[in-house]
Amino acid sequence: MKVNPKLLAAYSAATFLALTSCADNRRMESAKVADFAHVASEFMTGQTDIEQAHDYIAHRHSEFDAMYAIMGLDATDDSVASWLSSAPVRWFYNDIDSISPSGETIGRWIGHIVSESQREHLELPAKSFATAIWGKTKSIMFADSVMIVALNHYLGSEHPAYSGMPAYLSTQKSPERIPYDIAEALVATAYPFESSGSTSVINRLIYEGAVTLAKMRLVDNSRLEDALGYTDEELKWLNDNEAELWNKMLTSKMVFDKSETTAEKLLSPAPFTSVLSQSAPGRAGRYIGYKIVMSYVDSHSGTTLQQLLSPPFYGQDNPLKDTGYAPGR
């Protein structure tokens, strides 16, 4: 059987990087990523043949089986051939190769996230990782302990595949979003929001703020505007209007509202946060939640992400009492 030197080198390098660490022996250089998306691209462009694809997949069969199951392909067919002939592969293979980050780049991002999560004593759900091309609406999915990232969701906001999307959604389709989305998916899966009969909007805001802080701590060279999915101008608007937004939330009594509808209006993707201001960027509740969490962290040194992501912190009847959050004062 022929072995593509490029694929074998990529696999060997990924394995080596996953096992090496920095000088302080605490930070993982990279993580192994089964780069199925680029394997598909290389096959479609004639750089590899079916035997070489089979050989690569034989080394990463667990991740491939997970991807195959998520895609819902016909298990009675030859799995590799069925995957390579699937419609999403045919549609996106060329764009994946020319636009999306390589598996090695994603491996470095994941390696940093995993190593930082270990410092924070977070127990993340994924043990292995893979890239994919699929027609599912979600960009990241889990199958058992495998996390799979569909790169055709990150081809850039101007890509024709996203032409029917409103701008507030298509702007989230850039390759730079990948590490933040990976970090959020891992954290939110390991530490999902737990509601109770006394859950209020403020509890949801604080939880979302804790998830945002987790992304800031876990992603290498993170920026708040990127962690929140904003442009520089949108974040500046929120900073300039923070006190006014918070005052509106207090005076309208939405802070302790128990309505899930109110929480969703503050936290769901949208062109603007209508319950606060026609000028407020969508999901402004996440920004407020992050500022509340940071106010608490600033006055409680040594607070861990694990504490912030736990119900005893965000699920209190009055979680504001110890935060000292008072913008504009």
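# Questions on a predicted protein model

Reader: Does Glu 120 count as buried or exposed?

Author: Glu 120 has a relative accessibility of 17%. The structure is a predicted model, in which local features need pLDDT of at least 70 and side-chain atom pairs count only at pLDDT 80 or more, while totals for chains, interfaces and linings use all residues. Residues are numbered from 1 along each chain as its sequence is written, and side-chain values use heavy atoms, with hydrogens and water left out. Buried means under 20% relative accessible area, exposed over 50%, and partly exposed in between (1.4 Å probe, protein chains only), so Glu 120 counts as buried.

Reader: Which side chains join Glu 184 in one network of salt bridges?

Author: A salt bridge is a side-chain nitrogen of Lys or Arg within 4 Å of a carboxyl oxygen of Asp or Glu. Salt bridges that share partners form the network. The residues joined with Glu 184 are Glu 208, Lys 215 and Arg 286.

Reader: How many residues apart in sequence are the parts that Arg 217 and Glu 120 tie together?

Author: The side chains of Arg 217 and Glu 120 meet in a salt bridge at 3.3 Å, N to O. Arg 217 lies in helix H10 (residues 201-218), whereas Glu 120 lies in the loop between H7 and strand S2 (128-132); helices (H or I, at least four residues) and strands (E, at least two) are DSSP runs, numbered from the N terminus. Arg 217 is partly exposed, with a relative accessible area of 26%. The pair therefore links parts whose separation in residues is 97.

Reader: By about how much of a helix are Arg 108 and Glu 104 separated?

Author: These two side chains, Arg 108 and Glu 104, also meet in a salt bridge, at 3.4 Å, N to O. Arg 108 is partly exposed at 40%, and Glu 104 is partly exposed at 47%. Because they stand four residues apart in helix H7 (residues 103-119), the separation is about one helical turn.

Reader: What N to O distance belongs to the salt bridge of Arg 60 and Glu 63?

Author: Arg 60 counts as buried at 4% relative accessibility. Glu 63 counts as buried at 7%. Their side chains meet with an N to O distance of 2.7 Å.

Reader: How many salt bridges does the structure hold?

Author: The protein has 28 positive and 40 negative side chains, and the centres of the two sets lie 6 Å apart. Lys and Arg count as positive and Asp and Glu as negative, with His and the chain ends not counted; the place of a charge is NZ of Lys, CZ of Arg, CG of Asp or CD of Glu. The number of salt bridges is 14.

Reader: How many helices and strands does the protein have, and what is its radius of gyration?

Author: The protein has 16 helices and four strands. The globule rule, which is 2.2 Å times the number of residues to the power 0.38, is compared with a radius of gyration taken over C-alpha atoms. For 329 residues the rule gives 20 Å, so the protein is as compact as a globular protein of that length, with a radius of gyration of 22 Å.

Reader: How far apart in space are Leu 308 and Gly 209, C-alpha to C-alpha?

Author: Leu 308 lies in helix H15 (residues 305-308) and counts as buried at 0% relative accessibility. Not counting residues up to four places away in sequence, Leu 308 touches several residues, including Ala 210, Leu 213 and Tyr 296; a contact means heavy atoms within 4.5 Å. Although Leu 308 and Gly 209 are 99 residues apart in sequence, their C-alpha distance is 9.1 Å.

Reader: Which residues does Gly 103 touch, not counting residues up to four places away in sequence?

Author: Gly 103 lies in helix H7 and is buried, with a relative accessible area of 8%. Its C-alpha atom is separated by 46 Å from that of Asn 247, 144 residues apart along the chain. The residues that Gly 103 touches are Val 33, Asp 35 and His 38.

Reader: What is the positive phi of Asp 144, which is not a glycine?

Author: Asp 144 lies in the loop between strand S3 (140-143) and strand S4 (146-150). Asp 144 is exposed, with a relative accessible area of 78%. Its phi is about 55°.
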